[in-house]
Amino acid sequence: MWWGVGAALVANLLYSVGFVVEKRALGNLPALSAGKPMRLVLVLLTSPLWILGALSLAAGFAAQLIVYRALPIAAAQGIFVSGLVLLLLLSSAVLGEESTGRERYALGGVLVALLMVVASVREGEDVVSSGAPWMLVLLVCVPALAAGVWLYVRVESLATKRHRVPTSGIGYGVAVGLLYGVSSLAVKGTSSRLTTTDIGEAARSLFGSPYPYLLLFTAAAGLVMSQTALQRCRASLIVPVCTTVTCVFTAVLGSIAFGESLPDDPLLLTLRLAGTALALTVLLAMPRHDPPTAAAPS
């Protein structure tokens, strides 16, 4: 269990550094458009700094594979949420982004939710699943992908309207979070397929499942959606929203799909359910728009 916790903390570090480095790189690039995905990719590949951030995220993905081999889904998501603290510190120090008081209270609520979820885990009592029925996984993932893409398109259409209220990126964060939630379940499924040292057998098992194809779609769509959103919005807001949605989605629906049952102990069950509910409540209470920028004195 403890080496899984260590891998999760390493993944947190790699993800936080990756997002902040990418955000720094995006500030020096031309405006990106999700409607021109090929141009978007070509523009991103011209930035060595962005490539460095992408490599950090890829390393975090590799660490995540290790995490899901050692920890239950709910416990893993609770630790991943703790990375929000490091992200906010880095975004403040490196990007100069300042969170509002309401957002800082929201972060405190997320951390309380994290502690509640982690406190509900007991070593030796939670079972780490080794697989899930494909149809059940697809039943969970396909509607989430459709909802994420629809929401992103909706937010994009509103963003193009004149005289709109400046968006804080909540919609973007929820949309990308749904995609990354599906990706997280695909990572969990992939880790369960890589249990043999026979490369041929592992490849047949993996590519005979829906997991690599879900990863391919979420990687492509997530790249386009996340980078345009990250360029337009504060990393210190969009990434916490995205992370919260991803973690709640994965912890709740992933536990069901992979058959990792909830605790039998009433106290532990209350902590896990209340922590999940608190994270959702915090997300719904966050401001939907940035305050208007004050006009410069004439």
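Guide: The account below concerns a predicted model, and it moves from the pocket to the cavities, then to side-chain contacts and a surface patch.

The largest pocket has a volume of about 870 Å³. Its lining consists of 32 residues, and those closest to the centre are Tyr15, Phe19, Leu57, Tyr180 and Ser183. Several helices contribute at least two lining residues each: helix 1 (2–26), helix 3, helix 4 (73–81), helix 5 (83–95), helix 8 (170–193), helix 10 (211–232) and helix 11 (235–257). Helix 10 provides the largest share, with seven residues. In the classification by residue type, 18 residues of this lining are nonpolar, 13 are polar and one is charged.

The lining of the largest cavity comprises 15 residues, with Val81, Val117, Cys247, Val248 and Ala279 nearest its centre. At least two of its lining residues come from each of helix 4, helix 6 (101–119), helix 11 and helix 12 (266–285). The lining of the largest cavity contains ten nonpolar and five polar residues, and no charged ones.

The structure holds two aromatic pairs. One of them joins Tyr68 and Phe80 in an edge-to-face arrangement, with 6.4 Å from centre to centre and 80° between the planes. Because Tyr68 belongs to helix 3 and Phe80 to helix 4, this pair ties together parts that lie twelve residues apart in sequence.

Helix 10, the source of the largest share of the pocket lining, takes part in a contact of another kind. One salt bridge is found in the whole structure: Glu156 pairs with Arg232, and their closest N and O atoms are 2.1 Å apart.

Finally, on the surface, Leu45, Ile51 and Leu55 make up a nonpolar patch with about 270 Å² of accessible area together. Of these, Leu45 occupies the loop between helix 2 (37–44) and helix 3 (48–70).

Notes: Residues numbered from 1 in each chain as written. Predicted model: local features only at pLDDT ≥ 70, side-chain atom pairs only at ≥ 80, totals over all residues. Heavy atoms only, no water. Patch = residues over 30% accessible without salt bridge, like charges linked within 9 Å, V, L, I, M, F, W, Y side chains within 5 Å. Areas by Shrake-Rupley, 256 points an atom, 1.4 Å probe, with all protein chains shown as cover. Salt bridge = Lys/Arg side-chain N within 4 Å of Asp/Glu carboxyl O. Helix = DSSP H or I, 4+ residues; strand = E, 2+ residues; numbered from the N terminus. 1 Å grid on protein atoms, 1.4 Å probe; cavity = no way out; pocket = protein on both sides within 12 Å on 5 of 7 lines; lining within 4 Å. Points joined across faces, edges and corners; volume = space filled by probe spheres on them. Nonpolar A, V, L, I, M, F, W, Y, C, P; charged D, E, K, R; others polar. Phe/Tyr/Trp six-rings, centres within 6.5 Å; stacked < 30°, edge-to-face > 60°.
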